[in-house]
Amino acid sequence: MQKEKVRVYALAKELNLESKDLLDLCREAGFEVKNQLSSLDPEQRDVIVAMVKRGKKPAAPSVPQAPVNPAAIDLSKRVRVLDARPRRVEPAEPARPVPP
């Protein structure tokens with residue numbers, strides 16, 4: 001086992017996880033981590049590795065994604081295309097010069 005502190009992002013890479021998923025696991029285990037640059041002690045690292053090996057992974061989104069049937073897409077609807085350039089807004093009244 002490793003005897004040094006390890007950053008969350010490095011451990012995530014080692015475990016083939018996303019950093020945000022590993023952050024969720026750390027918080028679930030009760031460790032105070034702010035972001036992927038936070039450090040974990042060797043004992044904390046061992047707890048997280050054990051959680052991952054047991055299959056304790058962060059919950060996936062609960063909404064299942066249904067496969068999209070290309071034949072079911074209605075292409076007859078018109079889509080409004082927005083202009084990429086910002087429009088210039090003219091002032092309602094011309095600016096008045098300020099008297100000295």
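1. Basis of the note. The model is a predicted one, in which local features need pLDDT of at least 70 and side-chain atom pairs count only at pLDDT 80 or more, while totals for chains, interfaces and linings use all residues. Residues are numbered from 1 along each chain as its sequence is written, and side-chain values use heavy atoms, with hydrogens and water left out.

2. The structure holds three salt bridges, the term meaning a side-chain nitrogen of Lys or Arg within 4 Å of a carboxyl oxygen of Asp or Glu. In one of them the side chains of Asp 41 and Lys 5 meet, with an N to O distance of 3.8 Å. This pair links distant parts of the chain, 36 residues apart, since Asp 41 belongs to the loop between β2 (39-40) and α3 (42-54) and Lys 5 to the segment before β1 (6-7). Helices here are DSSP runs of H or I with at least four residues, strands are runs of E with at least two, and both are numbered from the N terminus. Lys 5 is exposed at 58% relative accessibility, whereas Asp 41 is partly exposed at 28%; buried means under 20% relative accessible area, exposed over 50%, and partly exposed in between, with a 1.4 Å probe and protein chains only.

3. Glu 14 forms a salt bridge with Arg 45, and their closest N and O atoms are 2.4 Å apart. That pair also links distant parts of the chain, with Glu 14 in helix α1 (residues 8-14) and Arg 45 in helix α3, 31 residues apart. Arg 45 forms a salt bridge with Asp 46 too, the closest N and O atoms being 3.9 Å apart, and in this way Glu 14, Arg 45 and Asp 46 are linked in a network of salt bridges. Is Arg 45 buried or exposed? At 8% relative accessibility Arg 45 counts as buried, while Glu 14 is partly exposed at 46% and Asp 46 is partly exposed at 29%.

4. Ser 38 in its loop. Ser 38 lies in the loop between α2 (19-28) and β2, and at 14% relative accessibility Ser 38 counts as buried. A polar atom of its side chain lies 3.1 Å from the backbone nitrogen of Lys 34. Leaving aside residues up to four places away in sequence, Ser 38 touches Val 6, Arg 7, Val 8 and Val 33, where contact means heavy atoms within 4.5 Å.

5. The buried side of α2. The buried residues of α2 are Leu 22, Leu 23, Leu 25 and Cys 26. These residues lie on the same side of α2, because they cover an arc of only 160 degrees around the axis, the arc being that of the directions from the helix axis to the C-beta atoms. The buried residues of α2 pack against α1, β2 and α3.

6. What follows α2, and its meeting with α3. After α2 comes Gly 30, whose phi is positive, near 95 degrees. In the meeting of the two helices, Leu 22, Leu 25, Cys 26 and Glu 28 in α2 contact Ile 48, Met 51 and Val 52 in α3.

Definitions and conventions
Polar contact = N/O pair within 3.5 Å; in protein donor to acceptor, adjacent residues only side chain to side chain.
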